[in-house]
Amino acid sequence: MTDQDRAAFRASVQHAIDTKTKPPGSLGRIEDLAMQVALVQRSLTPRMAQCTLTIFAADHGIATEGVSAFPQAVTRQMVGNFLAGGAAANVFAAQLGIAVQVVDAGVAGPAMAAPGLIDRRVGAGTASFLRGPAMTPAQVEQALAAGTAIAGATSGDALAFGEMGIGNTATAAILAHKLTALPLDVLVGRGTGLDDAGVTRKHDILARAAARVAGTLTPMEVLAEYGGFEIVMMAGAMRATAQAGRVVLVDGFIATVAALAAVQLAPEIRPALVFAHQSAEAGHSIVLEWLQAQPLLSLDMRLGEGTGALLAWPMVQAAAAMLRDMASFDSAGVSSGVDSED
Ligand SMILES: Cc1cc2ncn([C@H]3O[C@H](COP(=O)(O)O)[C@@H](O)[C@H]3O)c2cc1C
Ligand SMILES: O=C(O)c1cccnc1
């Protein structure tokens, strides 16, 4: 589409929204969402029938330095819980009729070989980025390519992505710091529930890790230095989903940082990103603001797994249905304003 075609299409969507049987603008941000979905699908009658959640799991070497309230073993245990249907994400997804798939992007220890688990392991957890690069440039490429392949093989009008990886709020904080140059202190938060002393320790570790690599880095270099496998794979999946003209439901802090990386790798994907919610994790609102993103929900959630993305799905569906199914003043024979004839 040329810029002119895009402007004309946008005008026709706006006209369709404005002539629905409601006072202009009265559906508020659902109208903005309808516009966004129409532009992504390039359709005046967008379809939002199916959504799939993909949860990427991986471990982080930095977790062994003491940046989380929980031990690294929880990542693997939660993969088992996802596969058994017992996690918050499973319960919300079941409520909404959304299928869940779980990807081992690089959980520490041996491969799990659990039935139903998608094995895309890039390694047995990343190396500690306090001591050296989290992964090699080849592993970044491998993780991005795996994300692309997974997105291509996943059905849905919108794809939601979640993550599991003990220590990944530390990784996400330092990634956001290096990708945006925002100060580290506004990006470091409590994660799974660190106390004040824990947050100070996490901050000090991240400040040392940030100082380990001087100068300006490309996004690919930032990803190799700091990881993690599930974040890079999610970035690849988000990029591919958006490039295929599908909506991406972006979850909390970690998923938003994956989206930030994806946008820096491919700026044209930004319009396909729907920011589902604002997490209670300290850095999330800052990164959202940096991306000029207005999240749909703000529920003080701070879990990840895709839980926020799932809760936003009915709103995306409602927005598409409004545009597709709602009567216009003409079609319903409803008077469109004080000056109208009938
Ligand atoms: C039982 C449990 C279930 C989770 N589900 C998501 N997370 C979330 O917490 C982790 C990030 O926080 P931090 O950086 O402090 O480790 C990630 O795994 C994230 O998905 C969980 C954490 C726990 C403990
Ligand atoms: O915002 C999130 O996704 C989040 C916050 C804290 C811990 N885990 C995930």
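Analyst: Let us begin with Glu305, which is buried, because 27 other C-beta atoms lie within 10 Å and a residue counts as buried at 20 or more. Please keep in mind that this is a predicted model.

User: Which residues is Glu305 in contact with, leaving aside its neighbours within four places in sequence?

Analyst: With those neighbours set aside, Glu305 is in contact with Ile55, Ala87, Ala88, Ala89, Gly162 and Met164.

User: What feature does UniProt place at Glu305?

Analyst: An unreviewed UniProt entry gives "active site" at Glu305; such an annotation may be inferred rather than shown by experiment.

User: Which residues come nearest to ligand 1?

Analyst: Of the 18 residues around ligand 1, the nearest are Ser68, Thr169, Gly191, Thr192 and Gly304. Two or more residues are given by each of α3 (73–84), β4 (158–164) and α6 (168–180), and α6 provides the largest share, 3 residues. The shell around ligand 1 comprises 8 nonpolar, 8 polar and 2 charged residues.

User: How do the residues of the shell around ligand 2 divide into nonpolar, polar and charged?

Analyst: The shell around ligand 2 holds 3 nonpolar, 7 polar and 3 charged residues. Of these 13 residues, Gly252, Phe253, Ser279, Glu281 and Gly304 come nearest to ligand 2.

Note on methods
Residues are numbered from 1 along each chain as its sequence is written. Chains are lettered from A and ligands numbered from 1 in the order in which they are written. This is a predicted model: local features need pLDDT of at least 70, side-chain atom pairs count only at pLDDT 80 or more; totals for chains, interfaces and linings use all residues. A residue is near a molecule or strand if its C-beta atom, placed from the backbone, lies within 6 Å of it. Ala, Val, Leu, Ile, Met, Phe, Trp, Tyr, Cys and Pro count as nonpolar, Asp, Glu, Lys and Arg as charged, and the others, Gly among them, as polar. Helices (H or I, at least four residues) and strands (E, at least two) are DSSP runs, numbered from the N terminus. A residue is buried if 20 or more other C-beta atoms lie within 10 Å of its own, exposed if 12 or fewer, and partly exposed in between; C-beta atoms are placed from the backbone. Two residues are in contact if their C-beta atoms, placed from the backbone, lie within 7 Å.
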